[in-house]
Amino acid sequence: MATKPYQYLEEGFLEAYLTGIVSEQERAEMKQYLSENPESQTELNEIETSMEQFFMRRAVPPPPELRDAIMDRINQNEIQKWRPEADGSKARASAKATNPESQYVHVEVDDTHIRVHKYWRPAFIAVFALSKVFLIAGLYYYFKAGSIERELEQLRQQNSVQQPIPARPLNTR
Amino acid sequence: MGTIARAVVPLPRSEGEKGRLMELYERYGSMAYGIILQIVPQPEQAQAVLVDLFATLPVEEGADKTERVSALIIRLARRKALASRPGSVERSLTSFQPTERNLPKVVFNLAFWHGCHVTEIAERLNIATTDVLRAIRAYVKSFTVA
């Protein structure tokens, strides 16, 4: 789109630029134009305001748990591990060493971890709690059975003391 | 020995940047989600795009200040949502039959929500690219009076 500067304002380039409809090349041209024509900033601000109002009217609240998901993702992105260099030594992967303008860093990960679905967490907690319940119940009934057995033995002994075995009649033969 | 994996991850963020991101999410999260849902109607996929958008949003010191942050979020939300759509999505324009009255809306819908380029819209609707841009301008102008 070979365009004369005034056309940027009159023909909708600003709107197309702000909504992201233009290609990367056109976007670069537009940025160049804006830097050379600061007076167009007023119009740009007006369009930005009306665009924000327009899309705010169509806002849909996301589920509350997405906030935590974003934080988790940000923290997850920060995991950088040591990588072996060509000479065998280990050095921290330098974020901007290879490309200072890049917001990304290439890292090699010697990964010993696995990722599992989030539903495994409550499942593990439930299994752990159940195992504790069964352990406590098992110990309780084990000791209870022991004490009952001892009690039974005592009762048998008491019974044998209180009721002596009746004397057998002598053999008259 | 574990598996050697190659990964590309964004640079770590400072606590200040994390706080700023969360502020922006509180303020513009609903707006971005509305845009994404319009392009990607499946809620799970739309939520994944929203998480990706705010986790990778450039809010570092020295970031491009020529654009308002709300405009940046609108642009990136649209771009990420369009990129996340299946490649086989058919952008059929045959169902769009613009009249003189609704041309700005049809053109904006095609360009913004469906990701069609200006020249593509001009060809399909058989109008000049300048008319496409004027239609977009007219529709965006109507935002203020809507």
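Among contacts in chain B between residues at least 6 apart in sequence, what percentage join residues at least 24 apart? The share is 64%. Two residues are in contact if their C-beta atoms, placed from the backbone, lie within 7 Å.

This is a predicted model, in which local features need pLDDT of at least 70, side-chain atom pairs count only at pLDDT 80 or more, and totals for chains, interfaces and linings use all residues. Residues are numbered from 1 along each chain as its sequence is written, and chains are lettered from A and ligands numbered from 1 in the order in which they are written.

**View 1. Chain B has six helices and one strand.**
Its elements run β-α-α-α-α-α-α from the N terminus on. Helices (H or I, at least four residues) and strands (E, at least two) are DSSP runs, numbered from the N terminus. Of the 146 residues of chain B, 32% count as buried. A residue is buried if 20 or more other C-beta atoms lie within 10 Å of its own, exposed if 12 or fewer, and partly exposed in between.

**View 2. Helix 4 of chain A meets helix 3 of chain B.**
The axes of helix 4 (residues 41-57) of chain A and helix 3 (residues 69-84) of chain B come within 9 Å and cross at roughly 55°. That angle makes the two helices oblique; angles under 35 degrees count as roughly parallel, over 145 as roughly antiparallel, 65 to 115 as roughly perpendicular and the rest as oblique. From chain A come Glu48(A), Met51(A), Glu52(A) and Phe55(A). They meet Ser70(B), Ala71(B) and Ile74(B).

**View 3. Ala111(B) sits in the largest nonpolar core.**
This core has 54 residues, and Ala32(B), Ile36(B), Ala111(B) and Ile136(B) touch the most other members. A nonpolar core is a set of buried Ala, Val, Leu, Ile, Met, Phe, Trp, Tyr and Cys residues joined through C-beta atoms within 7 Å. Helix 1 (residues 15-39) of chain B gives the most to this core, with nine residues. Not counting residues up to four places away in sequence, Ala111(B) touches Ile21(A), Cys116(B), Val118(B), Ile121(B) and Ile136(B).

**View 4. Helix 4 of chain B is followed by Gly115(B).**
The phi of Gly115(B) is positive, near 75°. Within helix 4 (residues 103-113), the buried residues include Pro104(B), Val107(B) and Phe108(B).

**View 5. Asn126(B) has a positive phi although it is not a glycine.**
The value is about 60°. Asn126(B) lies in the loop between helix 5 (118-125) and helix 6 (129-145) of chain B. It counts as exposed because it has 6 C-beta neighbours inside 10 Å.

Terms used
Axes are lines fitted to C-alpha atoms, for helices over the stretch in contact, and angles run from 0 to 180 degrees between N-to-C directions.
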